Amino acid sequence: MKKLMIVAAMATAAVAFTSCNNGAPKANLKSDIDTVSYAIGVAQTTGLKDYLVERMGVDTAYIADFIKGMNEGVNAGDNKKKAAYYAGIQIGQQISNQLVKGINHQLFGEDSTQTISLKNLMAGFISGVTGKGALMTTTEAQDMAEKKMREIQAKTMEKTYGAYKKEGEDFLAKNAKAEGVKVLPSGVQYKVIKEGSGAIPADTSLVKVHYEGKTLDGNVFDSSYKRGEPITLRCNQTIKGWTDAMVHMPAGSVWEVYIPQELAYGEREQGQIKPFSVLTFKIELLEVNPKKK
């Protein structure tokens, strides 16, 4: 989960001034100090409008209100009470416009009808800031937030892509009974196309393989055959279903492997692969611990 990032306010020298109707003081460049002060003021606005719009969510139709607030902030000087108040407004708006919207998108995707509880978020935020009445430590809160976010995200994805999960479960149940198909304890299924007689790799072994991966509709999402050369990788540096298949394969074997979604990418979307997709692979194990050339 992304942590709340508080944007630092730009520092500026504060002087009392008389404002015109539009909130801007009238420049008077009588001295070098006057001139350099004005020049610094103009220079500091480079990219400011884009920053206000894109990072702070300010509508330029209300730029006069921004000027008014900025004037108040500048003239407050080092008044600690006002500084704390202004900081609270800024952070509160960032919570509303950035944090809440970002988390809602993480949890619920494009479903704008759902949202986290602003009331409870603020209850937790304020108890954390004041150190009073907190129901959990910050470490416990971070762990809990990550755990619950994963659970909610999984439910959201299952609601959207549940058909893929059901299709995969039905396919595996039927495929397990097909002629020549064997099932490993993990749930990975395979059919031997060619039986090799070489070494069987450990999960830490380097292997040289050719492969082709498909979704259940027959779409090829990756293929070393199409690229024209095999790949070398460590068995445990790929999806769990691949690892489990390879540590049972003698070198020289060619297997057709059927990987349950929870041993592939689960609720994650990976390129052309939709969440909860069962994947099928043709895996050709060429060498175990191949020698460097």
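Which residues does Trp242 touch, not counting residues up to four places away in sequence? Figure 1 takes that up. A quick note before the views: this is a predicted model, where local features need pLDDT of at least 70, side-chain atom pairs count only at pLDDT 80 or more, and totals for chains, interfaces and linings use all residues. Numbering starts from 1 along each chain as its sequence is written, and side-chain values use heavy atoms, with hydrogens and water left out.

**Figure 1. Trp242 and the largest nonpolar core.** Trp242 touches Val209, Tyr211, Leu233, Ile259, Phe281 and Ile283, leaving out residues up to four places away in sequence; contact here is heavy atoms within 4.5 Å. The core itself has 26 residues, and those with the most contacts inside it are Val209, Trp242, Val257, Ile259 and Phe281. Two or more core residues come from each of strand S3 (206-215), helix H8 (240-246), strand S6 (254-259) and strand S7 (279-288). S7 gives the largest share, five residues. There's also a second, separate core of nine residues, which includes Leu99, Val100, Leu121 and Met149. For the record, a nonpolar core is a set of buried Ala, Val, Leu, Ile, Met, Phe, Trp, Tyr and Cys residues joined through side-chain atoms within 4.5 Å. Buried means under 20% relative accessible area, exposed means over 50%, and partly exposed is in between (1.4 Å probe, protein chains only). Helices (H or I, at least four residues) and strands (E, at least two) are DSSP runs numbered from the N terminus. As background, nonpolar side chains tend to be buried together in soluble globular proteins.

**Figure 2. Helix H5 and the residue that follows.** H5 covers residues 118-130, and its 13 residues should span 18 Å at 1.5 Å a residue. The expected span is 1.5 Å times one less than the number of residues. The end C-alpha atoms of H5 are 18 Å apart, so the model agrees with that. After H5 comes Gly131, with a positive phi near 75°. Ser127 lies in H5 and is buried, at 13% relative accessible area. Setting aside residues up to four places away in sequence, Ser127 touches Lys132, Gly133 and Ala134.

Figure 3. The whole structure has six salt bridges, a salt bridge being a side-chain nitrogen of Lys or Arg within 4 Å of a carboxyl oxygen of Asp or Glu. Lys166 is partly exposed at 47% relative accessibility, and Asp170 is partly exposed at 40%. Another of the bridges joins Lys165 to Glu158, closest N and O atoms 3.3 Å apart. Lys165 has a relative accessible area of 21%, so it counts as partly exposed, and Glu158 is partly exposed at 36%. Asp222 and Arg227 form a salt bridge as well, with the closest N and O atoms 2.6 Å apart. Asp222 is partly exposed at 27%, and so is Arg227 at 45%.

**Figure 4. A nonpolar patch on the surface.** Leu29, Tyr38 and Val42 make up the patch, with about 290 Å² of accessible area together. Patch members have over 30% relative accessible area and no salt bridge; like charges are joined within 9 Å, and nonpolar side chains (Val, Leu, Ile, Met, Phe, Trp, Tyr) within 5 Å. Areas come from the Shrake-Rupley method with a 1.4 Å probe, and for residues only the protein chains shown count as cover. Tyr38 is found in helix H1 (residues 32-43) and is partly exposed, at 46% relative accessible area.

Figure 5. Thr204 sits in the loop between strand S2 (189-194) and S3, partly exposed at 44% relative accessibility. Thr204 and Val247 are 43 residues apart in sequence, with a C-alpha to C-alpha distance of 9.4 Å. Asn289 is in the segment after S7 and is partly exposed at 48%. Asn289 and Asn104 are 185 residues apart along the chain, and their C-alpha atoms are separated by 46 Å.
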